[in-house]
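This report describes a protein chain as a whole and then a few of its residues.

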Amino acid sequence: MTGAGMNAEYGGDEVERYRGRLNRDPLTDGRSELRAFLCEAARLLIRFVKFRIDDARQATATVYELMKSLRVDLEIGLHLGNHPKTSAAPSPQEPDPVDNAVREVERAAENIREKGGVIGLPDGILQRQIEQAACEFPDDPELAAMGKKIAFEQLKDTTNLPSPPGIALKIMKLADDPNASIQQAVDVIKNDPAISARIMKYANSAFVGLQRPAKSVEEAVRPLGYRTLKSLILAFSLVSGSRKGGCPAFDYEEYWTECAARAATARYLFTLKRRSCDPDTAFAAGLLCQIGRLAFATAIPKEYAELLACAGSDDPKHLLSLEHHTLRIDHNELAGEMMAEWGLPEFFWQAVLYQSEPDNEQFLPPGTLERDLARALFLTELIWTAMKEPGKPINDAMKEAIKDRAEKIGIAREDCPEVYNTIIDHWKDLGVMIEVKTFPVEPWLEAVG
């Protein structure tokens with residue numbers, strides 16, 4: 001891309017749009033306009049990072065163009081009398097807020113230039129302004145997205161987020177290589193006895209139901225294909241390495257018990273309907289869909305323990321809301337960011353990201369793979385909620401909720417009792433397979449007559 005072309009696409013249009021907005025809207029408060037100025041400049045900086053623009057010098061020049069244009073409008077508004085509160089020039093003893101703002105954005109632009117156009121978000125005044133603006137204007141989607149990005153970068157900086165171990169990284173690399181053969185994956189898996197055993201147990205389990213038992217790793221792996229194998233190996237390897245941790249309020253054992261239930265549920269739902277998602281991919285999605293909670297407990301154990309203590313209830317929406325308010329990113333959003341960075345398919349992490357709002361047509365268009373999977377993941381939550389009270393029968397309200405959601409993925413209401421009871425059996429089989437605790441669950445019994 002040429003410098004002129006980039007400037008027109010990423011610079012000039014942005015400048016004119018923001019200038020037009022500032023010219024149309026009367027200035028009401030110098031402080032809020034200054035914050036808007038910082039945020040607009042920061043948005044452009046983040047776009048440079050996002051698109052990995054190679055021409056760092058041109059990127060920096062475009063930032064300066066935006067800053068100068070915005071500064072002209074701001075100076076007119078702040079210092080030349082557009083508003084009585086801000087018409088007076090700053091006292092010589094007080095720093096000019098516009099100059100301060102420009103200097104901060106210039107530093108960020110210079111940082112981009114020095115690092116070849118690819119950097120993380122700055123962690124100085126500019127970042128704090130974005131964070132503050134995101135709190136003050138919670139309905140602004142761009143500010144919210146920037147706040148989440150900052151929060152994710154800060155969590156990454158702890159270096160404690162769960163990450164794929166060696167075998168998973170090798171399989172993921174092979175999966176992304178169009179010339180890699182399935183035999184190469186088999187050779188990698190054979191070198192890890194624990195993962196080999198899990199893959200064999202999975203392939204030969206009753207709920208996978210191969211026509212004939214797999215007698216070797218090769219026979220277990222070949223029917224899966226690379227896309228599914230990539231997700232499965234990642235899921236199994238994380239199960240092996242994350243059984244305990246330092247967050248006292250986080251129940252690691254119960255977490256994996258829940259994940260096993262979600263995985264068994266997701267797989268069976270797609271076994272029944274054979275919709276757009278294959279059952280093995282659905283299984284991996286169910287096993288990983290709550291990884292954001294584990295990531296919080298691992299990366300910031302003390303802070304997350306305090307948050308869990310405040311949450312105090314079993315309402316998943318309350319926990320998501322509290323995470324968002326306290327940490328600026330919730331566990332679904334964190335899981336989506338992590339999965340995207342791991343290179344999992346977009347439909348996979350999009351489904352996880354929006355699993356709590358699966359009917360949102362803006363992000364999950366009807367008929368798409370991610371919508372089907374997100375709806376199934378939402379149903380896994382309802383089924384786990386019904387299962388997790390040992391010795392208590394499922395109540396009528398929960399039965400109706402499950403039937404309503406099951407209908408949305410093509411499962412008849414009258415089939416729900418049998419589906420639920422089969423999932424319980426599959427969950428117990430899976431618990432033995434991956435060595436997580438299960439417990440007795442009352443079957444779904446429908447009243448006769």
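## Basis

This is a predicted model, in which local features need pLDDT of at least 70 and side-chain atom pairs count only at pLDDT 80 or more, while totals for chains, interfaces and linings use all residues. Residues are numbered from 1 along each chain as its sequence is written, and side-chain values use heavy atoms, with hydrogens and water left out.

## Overall chain

The protein chain has 21 helices and zero strands (DSSP runs, H or I of at least four residues for helices and E of at least two for strands, numbered from the N terminus). Of its 449 residues, 52% count as buried (under 20% relative accessible area; exposed is over 50%, partly exposed in between; 1.4 Å probe, protein chains only).

## Negative patch

Asp251, Glu254, Asp314 and Asp315 form a negative surface patch. Patch residues have over 30% relative accessible area and no salt bridge, and like charges are joined within 9 Å; a salt bridge is a side-chain nitrogen of Lys or Arg within 4 Å of a carboxyl oxygen of Asp or Glu.

Glutamate 254 lies in helix H12, residues 252-273, and is partly exposed at 42% relative accessible area. Aspartate 314 sits in the loop between helix H15 (301-311) and helix H16 (316-327) and is exposed, at 60%.

## Threonine 257

Helix H12 also holds threonine 257, which counts as buried at 1% relative accessibility. Leaving out residues up to four places away in sequence, threonine 257 touches Trp384, Trp427, Lys437 and Phe439 (contact: heavy atoms within 4.5 Å).

Notes. Patch = residues over 30% accessible without salt bridge, like charges linked within 9 Å, V, L, I, M, F, W, Y side chains within 5 Å. Areas by Shrake-Rupley, 256 points an atom, 1.4 Å probe, with all protein chains shown as cover. Lys, Arg positive; Asp, Glu negative; His and termini not counted. Charge placed at Lys NZ, Arg CZ, Asp CG, Glu CD.
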